[in-house]
Amino acid sequence: MQNIHRLLSDSAPLRRLLLAVGAIVLCSQWEPRAESGQVRLNNGTIIPGIPVDVPGLSQATARENNTGPVPQTPIYLIDDGMRRYFVSRRQVPRDPDAIIVEAELSSLVTYDLPPPILGRQTHTPASVGAFDQVGAFDVHGHRYVTLRTASGEVQILQSIVQIRPDYVTIKSTSHDWEYAVSTTSIPSDILREIIGRTINETDADERMALVHYYIQAEMFPEARRELDVISSEFSQLRSQAEEALELLNEANAERGLNEIQRRRQAGQHQLAYYVGSQYPEDGVPPDLYRQAREIVSEYDTALEQRERVVMLLDQLQAEVSPEYAERLPPMRDVVLDELYFENIDRLEPFISLAEDETLPADDRLALAYSGWLLGAANAVTSMPATISLWDARFLAVEYLRQNDNPVRRAAIIEELKTLEEFDHELLITMIPQLPLAIESPPLTPGTPTPIDVLNMRQESVARYTAMVPPEYSPQHSYPLLVVLRAEGHTTEQTVNFWGGAAEQTGYAQRFGYIVIAPEYASPQEGEYAYGPAAHQAVIESIQDARKRFRIDSNRVFLAGHGMGGTACFDIGLSHPDLFAGVIPINGFCENICSPYRDNAPLLPWYVVNGERYLGGIERNADVINDMLRGGQDLIYCEYKARGFE
């Protein structure tokens with residue numbers, strides 16, 4: 001969940017809303033907190049909590065870090081209640097605003113449930129493995145989970161004991177085990193039922209406190225519903241509820257605008273246009289409404305320009321010199337097929353001068369077709385030069401698609417050398433605009449699709465499962481998330497974990513990531529085996545995906561869970577040039593990957609472990625401690641009392 005404190009500091013409507021609602025009622029269930037804080041790292045990441053100096057990740061590493069006479073505390077520990085974060089002090093800028101400690105804007109609304117009746121508790125294993133089954137919480141806040149342990153399956157009864165806006169505390173009634181999960185992991189209707197059993201539904205103050213809780217938890221639709229009910233059931237609060245509702249609409253409008261901008265950045269332009277078109281005017285601050293309308297206006301302008309381009313290309317084609325008449329229609333077909341909201345600016349010189357009758361039709365069309373290949377800044381009015389550019393384009397595409405035919409590739413290079421008015425610098429300028437090297441049927445967004453990597457004999461040398469986000473277009477450049485499966489999971493399940501499904505999108509789809517899951521290990525493997533085969537499978541899959549999809553090579557990320565997390569350490573440290581960041585979850589940097597811990601001093605890491613999974617922090621302490629002490633861009637995130645699950 002987004003950091004509440006950061007949201008409060010950045011969102012004026014939400015700040016005013018919390019102050020307004022907080023002024024209406026003072027509830028004894030609010031948890032007073034004298035201070036809150038956040039830490040901003042060099043890479044821009046903001047972590048909630050107040051940092052504490054620590055000498056190391058463990059007792060052993062603390063001793064290692066303090067061999068001299070002067071005590072050393074090279075690491076910050078930041079606790080947000082549910083997790084512990086460890087970062088290098090060198091990753092926090094020497095800026096007074098990098099660490100913020102401030103009084104709470106308002107106390108957190110919390111709900112304490114009646115303590116559960118404890119059974120005969122048994123000690124929870126130090127190592128918590130995977131959940132085989134996870135039941136749903138009932139209206140009393142109870143559920144059963146089945147935990148996989150070394151001695152077999154164990155059924156555990158859990159009860160919610162406290163509900164906060166940011167997390168929910170769960171306690172086992174059958175075992176000695178307590179931990180926290182994100183509030184967003186509880187269905188909102190069940191959460192309302194559970195809270196309803198702890199409050200007096202006829203008490204106006206308690207109902208308004210519930211509104212405040214929903215706002216703090218960023219559950220805006222639920223807050224709106226409660227305000228509507230309060231307005232009708234508690235006449236004495238009607239005016240205050242209506243005022244709060246106006247502010248809630250403003251905060252919700254700001255969130256809606258952020259969503260439009262995020263979808264637009266992800267290349268989901270139809271959705272951004274639709275949401276922007278539906279953006280309400282009533283009850284919305286004028287500046288937010290103006291920004292939404294400007295986005296819609298940009299889309300409308302692009303649509304109008306596209307229609308105009310089609311008309312002008314057809315019109316000028318009829319006026320072109322006879323010697324060029326047969327060469328231009330294929331160019332027109334390519335431009336219209338590839339024309340996209342994000343690349344229409346390549347035609348800007350043509351659009352500006354298309355109706356300038358002082359220029360011959362040949363020159364105007366040359367502006368269009370050369371600009372399409374080289375970009376607006378490099379467009380030319382010479383039709384012979386433009387034709388040479390297009391001949392070079394067709395040859396370059398064929399070169400890329402003749403990956404396993406060195407003889408034909410050599411011949412293509414010789415043909416390129418014979419083209420008039422063309423040189424290698426123009427080819428370099430053209431490359432970003434070339435079509436993809438592999439032509440393949442379009443994938444259905446949100447659907448995992450297996451893909452075989454073929455060699456020149458059409459034999460499969462690697463295999464991966466891919467998922468593209470909504471509105472995937474080969475004209476938009478996408479970040480790539482390479483995910484390595486955990487033991488006992490399939491590549492399809494792994495892709496679904498990160499990307500969701502067509503009917504219920506996950507984070508990768510919402511933020512516009514392509515996700516691939518290489519088959520880096522056989523289905524029977526329960527431990528990462530190291531060795532070159534896994535490396536080759538991942539590298540082959542990435543290379544194939546880059547030929548098949550429009551991928552930003554500067555935004556390729558590697559992530560994995562369990563043995564996939566262990567593989568992340570090995571492959572990430574071995575090939576740091578391939579990745580923009582690595583995210584091992586419950587993985588271990590051991591075996592042959594441990595000696596090259598310093599192989600990637602500039603590669604960012606986000607390492608996640610459950611405290612109770614196979615030794616937790618102790619297993620990675622030496623390696624992670626050395627990386628943190630060296631000031632590497634690394635965040636170590638430990639989920640308190642959690643395991644593999």
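**Helix pairs and buried spots**

Visitor: Which residues in α12 meet which in α13?

Guide: From α12 you have Asp-362, Leu-365, Ala-366, Tyr-369, Ser-370, Trp-372, Leu-373 and Leu-374, and they meet Met-383, Thr-386, Leu-389, Trp-390 and Arg-393 in α13. Bear in mind that this is a predicted model.

Visitor: How do the residues of that contact split by class?

Guide: Nine are nonpolar, two polar and two charged.

Visitor: What makes α12 and α13 roughly parallel to each other?

Guide: The angle does it. The axes of α12 (residues 361-374) and α13 (residues 383-401) cross at roughly 30 degrees, coming within 9 Å. Anything under 35 degrees counts as roughly parallel, so that is what α12 and α13 are. As for handedness, α12 passes α13 in a left-handed crossing.

Visitor: Which residues in α18 meet α19?

Guide: Ala-534, His-535 and Val-538 do, and on the α19 side they meet Asp-570, Ile-571 and Ser-574.

Visitor: How do you know whether Met-82 counts as buried or exposed?

Guide: Look at its relative accessibility, which is 6%. Buried means under 20%, so Met-82 counts as buried. Met-82 is in a loop, too, the one between β5 (75-79) and β6 (83-88).

Visitor: What does Met-82 touch, leaving out residues up to four places away in sequence?

Guide: Tyr-167, Ala-180, Val-181, Ser-182, Glu-638, Tyr-639 and Lys-640. Take Ser-182: Met-82 is 100 residues from it in sequence, yet their C-alpha atoms are 7.9 Å apart.

Visitor: What makes Ser-231 buried?

Guide: Its relative accessible area is 15%. With the limit at under 20%, Ser-231 therefore qualifies as buried. Ser-231 sits in helix α6, and setting aside neighbours within four places in sequence, Ser-231 is in contact with Arg-238, Ala-241 and Glu-242.

Visitor: Which residues in helix α4 are buried?

Guide: In α4 (residues 188-196), the buried ones are Ile-190, Leu-191, Arg-192, Ile-194, Ile-195 and Gly-196. Their cover includes β9 (111-112), β13 (152-163), α5 (204-216) and α6 (220-233).

Visitor: Zooming out, how many helices and strands are in the chain?

Guide: There are 20 helices and 24 strands. The C-alpha trace spans about 90 × 65 × 50 Å along its principal axes, and 51% of the 645 residues are buried. On contacts between residues at least 6 apart in sequence, 65% join residues at least 24 apart.

Visitor: What pLDDT does the chain average?

Guide: It averages 88, and 92% of the residues score at least 70. Over residues 1-10, though, the pLDDT is below 50, and that stretch has 27 contacts in the model beyond near neighbours in sequence. Since pLDDT is the predictor's confidence in each residue on a scale from 0 to 100, those contacts come from a stretch with pLDDT below 50.

Technical notes. Residues are numbered from 1 along each chain as its sequence is written. This is a predicted model: local features need pLDDT of at least 70, side-chain atom pairs count only at pLDDT 80 or more; totals for chains, interfaces and linings use all residues. Side-chain values use heavy atoms; hydrogens and water are left out. Contact means heavy atoms within 4.5 Å. Axes are lines fitted to C-alpha atoms, for helices over the stretch in contact, and angles run from 0 to 180 degrees between N-to-C directions. Helices (H or I, at least four residues) and strands (E, at least two) are DSSP runs, numbered from the N terminus. Angles under 35 degrees count as roughly parallel, over 145 as roughly antiparallel, 65 to 115 as roughly perpendicular and the rest as oblique. A crossing is left-handed if the near helix is turned anticlockwise from the far one by less than a right angle, and right-handed if clockwise. Ala, Val, Leu, Ile, Met, Phe, Trp, Tyr, Cys and Pro count as nonpolar, Asp, Glu, Lys and Arg as charged, and the others, Gly among them, as polar. Buried means under 20% relative accessible area, exposed over 50%, partly exposed in between (1.4 Å probe, protein chains only).
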